[in-house]
Amino acid sequence: MNTTALTASLTTPSSASADPLKLSQAQTRSAELEQLILKDPGRFRVLTGDRPTGRLHLGHYFGTLHNRVRLQNLGVELYVLIADYQVLTDRDIADDLTGHVEELVLDYLAIGVDPVRSTIFTHSAVPALNQLLLPFLSLVTVADLERNPTVKDEITHSRQSTVSGLMFTYPAHQAADILFCKANLVPVGKDQLPHLELTRAIARRFNDRYSAGSALFPRPDALLSNAPLLLGTDGGKMSKSRGNAIALAAGPDETARLIQGAKTDSQRHIAYDPVGRPEVSSLLLLAALCQNRTPEHVASDIGSAGAAALKKTVTEAVNEYLAPIRARRNVYATDRAYLRTILREGNERANAVADNTLAEVRAVMNSHY
């Protein structure tokens with residue numbers, strides 16, 4: 001899930017990265033899951049999503065978005081959450097929330113998310129989902145929440161002078177996002193494994209406490225991403241808020257300008273060396289992803305032509321790759337009413353699922369009056 005998804009937008013160093021055994025187990029399980037998906041995609045339901053804080057960029061696309069479309073096209077049931085409530089975890093207000101939500105829908109449609117086969121919905125429109133937060137919070141300790149690496153990192157980098165209580169509920173809220181639709185598969189990076197482990201713990205604890213050990217909630221598996229790391233144009237982490245990303249909606253001229261200003265180094269010979277030359281290597285990787293080649297092959301073609309030739313190659317590759325995505329986006333952007341229709345229908349489907357799940361929860365908790 002940027003939620004999630006989820007969070008494609010919430011990646012941090014974590015204990016998962018530091019625990020080779022857990023990571024190895026997750027990688028082995030992910031390989032098994034990929035084979036199971038190919039054999040029987042219909043048995044899987046995926047929950048993923050993003051916070052509506054701005055347009056999605058190439059880091060999001062190659063990191064998670066194209067994988068969502070791949071899973072959808074294989075026949076996996078896909079739920080895409082626009083986590084509008086989660087915007088408030090580290091912001092005093094949600095500026096232009098309606099506009100940002102519509103921009104996300106445009107990006108989803110442009111890359112190939114099919115609103116007929118997949119469900120696009122918003123947090124705030126599904127009350128039953130959010131009601132799950134209360135019983136879920138009763139199943140975790142303050143320590144569980146405090147030691148979550150994403151919570152720690154978000155608190156450190158929060159835009160607010162003080163941290164709201166909503167920030168601490170974030171991991172439990174994410175569990176509600178995943179479990180309301182009984183998703184059994186969540187695409188994540190290795191740095192998001194702790195989030196999913198807490199979701200799995202909440203599912204197990206709820207089942208043990210309230211449903212006599214029966215699996216009212218599944219324990220969702222992590223589908224680990226092998227997403228490449230693309231740096232921003234300043235050499236730092238690619239981020240919407242840092243102004244160093246190339247948005248999927250950026251036009252050819254803006255894309256050329258951003259790439260032209262990208263950080264490289266003083267060496268004229270272009271070579272792929274992610275450790276020694278990270279900025280040059282990130283540009284080579286970007287061109288390679290767009291051209292379906294290896295970064296080494298791209299570097300070999302450029303040779304000693306220098307940074308100018310590298311940036312020209314990257315600009316041409318990105319603009320060619322994004323051209324059909326931009327064209328589809330421009331068409332959808334002319335009909336904002338259609339975007340609202342997609343959200344309305346997606347919210348209706350999500351509400352039906354959430355209402356049913358909440359009814360089951362109330363029944364096993366003996367609170368179904």
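# Exercises on a predicted model

A307 lies in helix α15; helices are DSSP runs of H or I with at least four residues, strands are DSSP runs of E with at least two, and both are numbered from the N terminus. The structure is a predicted model, in which local features need pLDDT of at least 70, side-chain atom pairs count only at pLDDT 80 or more, and totals for chains, interfaces and linings use all residues. Residues are numbered from 1 along each chain as its sequence is written, and side-chain values use heavy atoms, leaving out hydrogens and water.

## Exercise 1

Task: Decide whether A307 is buried, partly exposed or exposed, and list its contacts.

Solution. 
1. Buried means under 20% relative accessible area, exposed means over 50%, and partly exposed lies in between (1.4 Å probe, protein chains only).
2. The relative accessible area of A307 is 22%, so A307 is partly exposed.
3. Contact means heavy atoms within 4.5 Å. Neighbours within four places in sequence aside, A307 is in contact with T264 and I270.
4. A262 is 45 residues from A307 in sequence, and their C-alpha atoms are 9.8 Å apart in space.

## Exercise 2

Task: Describe how helices α13 and α15 cross, and which kinds of residue make the contact.

Solution. 
1. Two packed helices are described by the angle between their axes and the distance between the axes.
2. Axes are lines fitted to C-alpha atoms, for helices over the stretch in contact, and angles run from 0 to 180 degrees between N-to-C directions.
3. Helix α13 covers residues 278–291 and helix α15 covers residues 306–333; their axes come within 8 Å and cross at roughly 35°.
4. The crossing of α13 and α15 is left-handed.
5. On the α13 side, the contact is made by V280, L283, L284, L286, A287, L289, C290 and Q291. On the α15 side, L310, T313, V314, A317, V318 and Y321 take part.
6. Sorted by kind, the residues in the contact of α13 with α15 are 12 nonpolar, 2 polar and no charged. Here Ala, Val, Leu, Ile, Met, Phe, Trp, Tyr, Cys and Pro count as nonpolar, Asp, Glu, Lys and Arg as charged, and the others, Gly among them, as polar.

## Exercise 3

Solution. 
1. R277 sits in the loop between α12 (252–260) and α13.
2. Apart from neighbours within four places in sequence, R277 is in contact with D265, Q267, H269, I270 and A271.
3. N67 is in helix α4, residues 58–74.
4. Not counting residues up to four places away in sequence, N67 touches P187 and L223. S225 is 158 residues from N67 along the chain, with 8.6 Å between their C-alpha atoms.

## Exercise 4

Task: For K182 and N292, give the phi value, the place in the chain and the accessibility.

Solution. 
1. K182 is not a glycine, yet its phi is positive, about 55°. K182 belongs to the loop between α10 (165–179) and β4 (185–188).
2. At 26% relative accessibility, K182 counts as partly exposed.
3. N292, also a residue other than glycine, has a positive phi near 55°. N292 is in the loop between α13 and α14 (295–302).
4. At 73% relative accessibility, N292 counts as exposed.

## Exercise 5

Task: Say what the pLDDT is for the chain as a whole and over residues 1–18.

Solution. 
1. pLDDT is the predictor's confidence in each residue, from 0 to 100.
2. The protein chain has a mean pLDDT of 88, and 89% of its residues reach 70 or more.
3. Residues 1–18 have a pLDDT below 50; this stretch has 79 contacts in the model beyond near neighbours in sequence.
4. Where pLDDT is low, the predicted coordinates should not be read in detail.

How values were computed
Left-handed = near helix turned anticlockwise from the far one by under 90°.
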